[in-house]
Every structure is written in structure tokens, then in C-alpha cells.
Amino acid sequence: MMVLYLSVTITIIMVERKRWSKQSRTILDIIYNNEEGLTASEIYDIARETHPNISLGTVYRNLRDLQDVGLIRETTSGGVSVYFKHPFHSAYLECDVCHSVIPVDFMLNIGDIIRSTGHDVKRWDLKLIGTCKECLQKCT
Ligand SMILES: [Zn+2]
């Protein structure tokens, strides 16, 4: 796991050197303060409370930048992009009825995998697709 923590630290330093704008900081905080994934328009609505002049285009641009440096990740649920915090420590449950996405804790020992295979792992994605509790209750 050492390898991953090091690479995340380096990423954050690079972002700060690139002049971290107040708006991208806000967007990052919004994503990190929500356990559930948010769509770009949900992020836009929350960001407008503190940055009334922010545009949806700015939100999309910042989401792309934050994703490029690996601070957030994107997954698709029912054809809509949903954004989450950090790329390495979570897996996601996806409901095939209501398309909700619920992050769950899941740890892969990526350091060991890198050492044993020599594969340069940059990110991973684990989606467990099924039916959520709420939808199951509606069915019975
Ligand atoms: Zn559901």
C-alpha cells in the first residue's frame, strides 16, 4: 500500500502547484463531503450556494481536471456520470432497478499486486451490480 499513498501525495502537490482555484477546491470538497456519488448538475447546484457565478461548464472542466490528476473518479449509472472521491479505496454497488450507486469499503492490496505481477496499476474499478434494499422491498 506504500506505493499508492506515495503516488496520491505526489498528485496533490502537483495540483497545488498548478494553482488550485477556489472553484475547483469547492468542487473537490463537495465530492469529498458526500458519501454517495453526485452528478455534475447536483455538484453545480451545491457549488452555486457559495459561488453564485459558477457555470455548469466550469464545473465540468474542473471535474475533468480533478479526474485527470486522480483525486476523483467517474462512473456511469443509468447513462449518467456520477463523481466520487479518491480512486483506490472504494467499490460501488449499483442498483439495476433505480440506478442508485452506493460506495462500499473494499481494499485490494494493490502494492502486492504491483510487486507480484509487475503491472503498472493506475486505477481500478469494481462495480457490484444488483438490486438495492429499497427496490427489493418494493418488489415483495
Ligand atoms: Zn434500487
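Helix 2 (22-32) buries Ser24, Ile27, Ile30 and Ile31, where buried means 20 or more other C-beta atoms within 10 Å of a residue's own, exposed means 12 or fewer, partly exposed lies in between, and C-beta atoms are placed from the backbone. These residues share one side of helix 2, because they cover an arc of only 120° around the axis; the arc is that of the directions from the helix axis to the C-beta atoms. This is a predicted model, in which local features need pLDDT of at least 70 and side-chain atom pairs count only at pLDDT 80 or more, while totals for chains, interfaces and linings use all residues. Residues are numbered from 1 along each chain as its sequence is written.

**The chain as a whole**
- Six helices and five strands make up the elements of the chain; helices (H or I, at least four residues) and strands (E, at least two) are DSSP runs, numbered from the N terminus.
- Read from the N terminus, their order is α-α-α-α-β-β-β-β-α-β-α.
- The chain has 140 residues, and 15% of them count as buried.
- Among contacts with a separation of 6 or more, 55% come from residues 24 or more positions apart; a contact here is a pair of residues whose C-beta atoms, placed from the backbone, lie within 7 Å.

- Helix 3 spans residues 40-50, and Ile43, Tyr44 and Ala47 are buried in it.
- Those three lie on the same side of helix 3, because their arc around the axis is only 100°.
- Turn to the other side of helix 3 and you find Ser41 and Glu49 exposed.
- Packed against the buried residues of helix 3 are helix 2 (22-32), helix 4 (56-68) and strand 2 (80-85).

**Helix 3 against helix 4**
- From helix 3, Ala40, Ile43, Tyr44 and Ala47 meet Leu56, Val59, Tyr60 and Leu63 of helix 4.
- By class, this contact has eight nonpolar, no polar and no charged residues; Ala, Val, Leu, Ile, Met, Phe, Trp, Tyr, Cys and Pro count as nonpolar, Asp, Glu, Lys and Arg as charged, and the others, Gly among them, as polar.

**A closer look at tyrosine 44**
- Tyrosine 44 sits in helix 3, and it counts as buried because 21 other C-beta atoms lie within 10 Å.
- Setting aside neighbours within four places in sequence, tyrosine 44 is in contact with Leu56 and Val59.
- Serine 55 is 11 residues from tyrosine 44 in sequence, with 7.6 Å between them in space, C-alpha to C-alpha.

- Threonine 76 has serine 81 in strand 2 as its bridge partner, and isoleucine 72 stands opposite lysine 85 in strand 2.
- Two residues lie between the strands of this hairpin, where glycine 78 takes a positive phi near 60°.

How values were computed: Contact = placed C-beta atoms within 7 Å. Pairing = 2+ DSSP bridges.
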